[in-house]
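Here are a few notes to read alongside the model. Have a look at the structure first, then go through the points in order.

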Amino acid sequence: MSIQKFLYQNVFWRSVFYLSAFVLNILIARHFESAISGRFYYLVNLFAFVTLVASLSIESGIVYFSSSNKISGRALFNFSLFWTLLTGGIIFTLVNFTALLPASITAGDNSYYLLLFVCGNLLITFLNGLFYSANKFRLPNISAILINLLLIVIIFFVDKYQWLTNEKYMLLYFGSFFLQGVILSIIFRINLESKPVSRFPAIPKIYLLFKYCLIAFASNLVTFLYYRVDYWFVNRYASADELGNYIQVSRIAQMFFVLPAILASVVFPLTAGGRRQEVKDALLVISRSIIFFYSLACVVIIGVGWWGFPFVFGASFSKMYTPFLLLVPGILSLGSLYTFTAYYAGKDKVIVNLKGALLTLFVIATGDAIFIKKYGINAAAAISSIGYLVYHIYVVSIFKREYNVSFTECYLLKFSDLSKIKASFSKRNNTQ
């Protein structure tokens, strides 16, 4: 199957999923307003950090070793279930028998939310890796879309019935991750091939899996921190209302990263599977196209954002415009970088991504510590943009040296690129 077909399938289904997630995010923001939704998403951010630590980025190893057929899908599936159960047992022990976790995570019902969120997301990321390695994009995305649609419908009835309170909706929200993980596990188990293969990775292969994953984990941990470290600074120095506004700006920026992340999820397994030259030739076209079309999209949002943000999210989100404006250079820098980092990960050169991410984290954390206390969420957005730009320059400069490409090849869209995109859509429509 051609790379174009892989990209189209994944882009379509992931786009529908992220659209449903974006609509759900808007409804949550409008229902709970800026102060409460900000605290809610701040809690989600803490849970996501725990999930990242618990996963050790095993999903990266799953994609790499499954795509390259170095470890069977059945063995990786069984290992995924084992790791999720082990993680769930450790979290249960920490919550109930120790005081090692911070009170913000374990207070009230948060401990139940934590267990559902972490175990559910581990299953989701592990199983998505297995499905994507097998070039199956529809099944995992359809289940996620249906669950999001269910949450969208339910939120309209919150507080209209005595049994459906805000607290109950939060339980449904965090429980939905676990439900999706279970559904994916059942679907994958049903679709497993019956041919006799190892039911669990051999010890030497587990060693190789962890050797690869720990490098990827270091990179992903740093990536998570440079994405979210500003949340902690804003939470400490700004009001709850400003935190809610800033998190929504950050989430809008993350929507711009959806398409590059989708493309990267295809680039990674294809590169790992040996189609490096074919993928490399497509990277520059993708990067140029993203910069061009995202620039147009950002100009449109800047034109309507002053009144558009409060209109969409609610009157309490009136402080989003300036932070978004300052974050635009970062959106363009990081959005056009995703496929490059996926390419180096697929080449087993995660160290390139790790060095760039560490440099970015240093810039953002240092800038946040110095400027957010005085200049608030505007400083947080500007510093993130600077950090993302530094990351982009570092990785792309390495790529340019390796393949001797010029500045215009990386950044300036060509008429031939538009022709290729048009031809790709025409070919896709003819195929359909």
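**Notes on a helix pair and a cavity**

1. Start with helix α3 (residues 73–97) and helix α7 (residues 166–191): their axes come within 11 Å and cross at roughly 155 degrees. Axes here are lines fitted to C-alpha atoms, for helices over the stretch in contact, with angles running from 0 to 180 degrees between N-to-C directions. Helices are DSSP runs (H or I, at least four residues), numbered from the N terminus. This is a predicted model, where local features need pLDDT of at least 70 and side-chain atom pairs count only at pLDDT 80 or more, while totals for chains, interfaces and linings use all residues. Residues are numbered from 1 along each chain as its sequence is written, and side-chain values use heavy atoms, leaving out hydrogens and water.

2. α3 and α7 are therefore roughly antiparallel to each other (angles over 145 degrees count as such). Who meets whom? G73, R74, F77 and L81 in α3 meet S185, F188 and R189 in α7, contact meaning heavy atoms within 4.5 Å.

3. Now the cavities, sets of points on a 1 Å grid over the protein atoms alone where a 1.4 Å probe fits but cannot get out.

4. Lining residues have an atom within 4 Å of a point; among them are Y227, Y246, L327 and Y388.

Terms used. On a 1 Å grid over the protein atoms alone, a cavity is a set of points where a 1.4 Å probe fits but cannot get out, and a pocket is an open set with protein on both sides within 12 Å along at least five of seven lines; lining residues have an atom within 4 Å of a point. Helices (H or I, at least four residues) and strands (E, at least two) are DSSP runs, numbered from the N terminus. Angles under 35 degrees count as roughly parallel, over 145 as roughly antiparallel, 65 to 115 as roughly perpendicular and the rest as oblique.
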